[in-house]
Amino acid sequence: MTALVTGGTHGIGYAVVEELAELGAAVHTCSRNESELNHRLQEWSSKGFTVTGSVCDAASRPQREQLLEKVSSIFNGKLNILINNVGTNIVKPNLEYTAEEYSLIMATNLESCYHISQLSHPLLKASGFGSIVFISSVAGSLHVNYTSIYGLTKAAMNQLAKNLACEWAKDNIRSNSVAPGCTRTPLVERLFNNHDEFINTLVSKTPLKRIAEANEVSSMVAFLCMPAASYITGQTILVDGGFSKHTTGGGCFLFPARSKRQQALAPLLPVDRSTRGSHTQTPISFAFCRERRSKRSCRSRPLATPVVDNNHQFPPLLPPTLLDLLSATRTMRPEDHRS
Ligand SMILES: NC(=O)c1ccc[n+]([C@@H]2O[C@H](COP(=O)([O-])OP(=O)(O)OC[C@H]3O[C@@H](n4cnc5c(N)ncnc54)[C@H](OP(=O)(O)O)[C@@H]3O)[C@@H](O)[C@H]2O)c1
């Protein structure tokens, strides 16, 4: 089993390299910082992992071509797994982005994974069964304020995963997106340094009441590359502690430091004030509510019923998605699984 993980020296990419290497894959990774890369390669070698690396700026087209030439020569023209992980973000209001910042985020997040997927196609096809995983973000599915360029690159990645799933299925290549919520990595520490308020607000809107660890994302990435996931393609799987399912989290999450006026203008979702206790419900919070029910009540109650309040008649919900079912299963307590 051979794998290319872009941006594997720290954060989520690092956790993915470790996860795949532990499962026995020969992994190649890249980053821009040569000394850190060499340090990581030594570390992995001492753990007995088969990991090689290249210095490569994934935002550079010629360097991407060199990277894939190297990967092809190391793995004899065959690649089973491609993890498009490299990504960056600049947090600011939409009107303040410069042309250079736009180009940097687009090149790093989107153009890189688009081109690396193209370059990898012959290798993935030659391996007989290929799997591509794009590391997207909840910001590609929801509005997260002050990340408009980042969000659009991640939404485009989700769409690319779907397109490739359909186009390359004939070559036995699957393609999926994993969309993490806020995850403890150097990127997040850099972006939100001195922004405790942001993290605290985010945690308060996350049902699991914490941000993710990188290995909680890498486990889903590894699963999607396994034969166990052989029928899963074209999906975007959110690994977000339920954030996207929460009434006040999913849909519109605002960066803090808002004025009172901005808060008043925030596009709040309709709320059912007739629900029990202080918890409010909208259709998107249903999966969350479902997860909190006991096994018995899950069985005895319909999975989804429209919520009605004084002002709003919600349309019937669609049947539960794979994501709903996965997240419901994952958050059950061990005793819930016993019959
Ligand atoms: N952390 C989160 O909360 C979060 C949430 C949702 C999605 N994500 C996504 O997850 C992915 C990884 O994020 P992370 O938080 O783990 O980031 P990170 O901590 O900054 O790690 C990024 C990794 O990619 C490398 N890298 C960055 N830019 C590169 C480039 N242009 N060329 C080659 N390598 C590059 C970095 O090494 P060098 O800097 O040395 O090159 C590092 O190894 C990103 O796509 C991000 O958008 C993260």
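The points below take up the sheet, then the helices, then the salt bridges.

1. The model is a predicted one, and its seven-stranded sheet is open, with parallel pairing in the order β3-β2-β1-β4-β5-β7-β10. Because β3 (51-55) and β10 (236-239) stand at the edges with a single partner strand each, one side of each is left without a neighbour in the sheet. Neighbouring strands are turned by 20 degrees against each other on average, direction ignored.

2. Within this sheet, β1 (residues 2-6) and β2 (residues 26-31) run parallel and are joined by five bridges, and L4 stands opposite H28 in β2.

3. Helix α1 (residues 11-22) lies across β1, β2, β3, β4, β5 and β7, at about 170 degrees to β1, while helix α5 (residues 148-167) lies across β4, β5, β7 and β10, at about 160 degrees to β7.

4. The structure holds ten salt bridges, among them one between E65 and R61 (4.0 Å, N to O), which both lie in helix α3 (residues 61-74), four residues apart, or about one turn of the helix. E65 is partly exposed at 34% relative accessible area, and R61 is likewise partly exposed, at 43%.

5. The salt bridge of E111 with R64, with closest N and O atoms 3.0 Å apart, links distant parts of the chain, since E111 is in helix α4 (residues 99-127) and R64 in helix α3, 47 residues apart. Here E111 is partly exposed at 37%, whereas R64 is buried at 0%.

6. In the salt bridge of E101 with K92, the closest N and O atoms are 3.0 Å apart; E101 counts as buried at 17% relative accessibility, as does K92 at 18%.

Notes: Residues numbered from 1 in each chain as written. Predicted model: local features only at pLDDT ≥ 70, side-chain atom pairs only at ≥ 80, totals over all residues. Heavy atoms only, no water. Pairing = 2+ DSSP bridges. Helix = DSSP H or I, 4+ residues; strand = E, 2+ residues; numbered from the N terminus. Axes fitted to C-alpha atoms, helices over the stretch in contact; angles between N-to-C directions. Contact = heavy atoms within 4.5 Å. Salt bridge = Lys/Arg side-chain N within 4 Å of Asp/Glu carboxyl O. Buried < 20%, exposed > 50% of the residue type's maximum accessible area, 1.4 Å probe, protein only.
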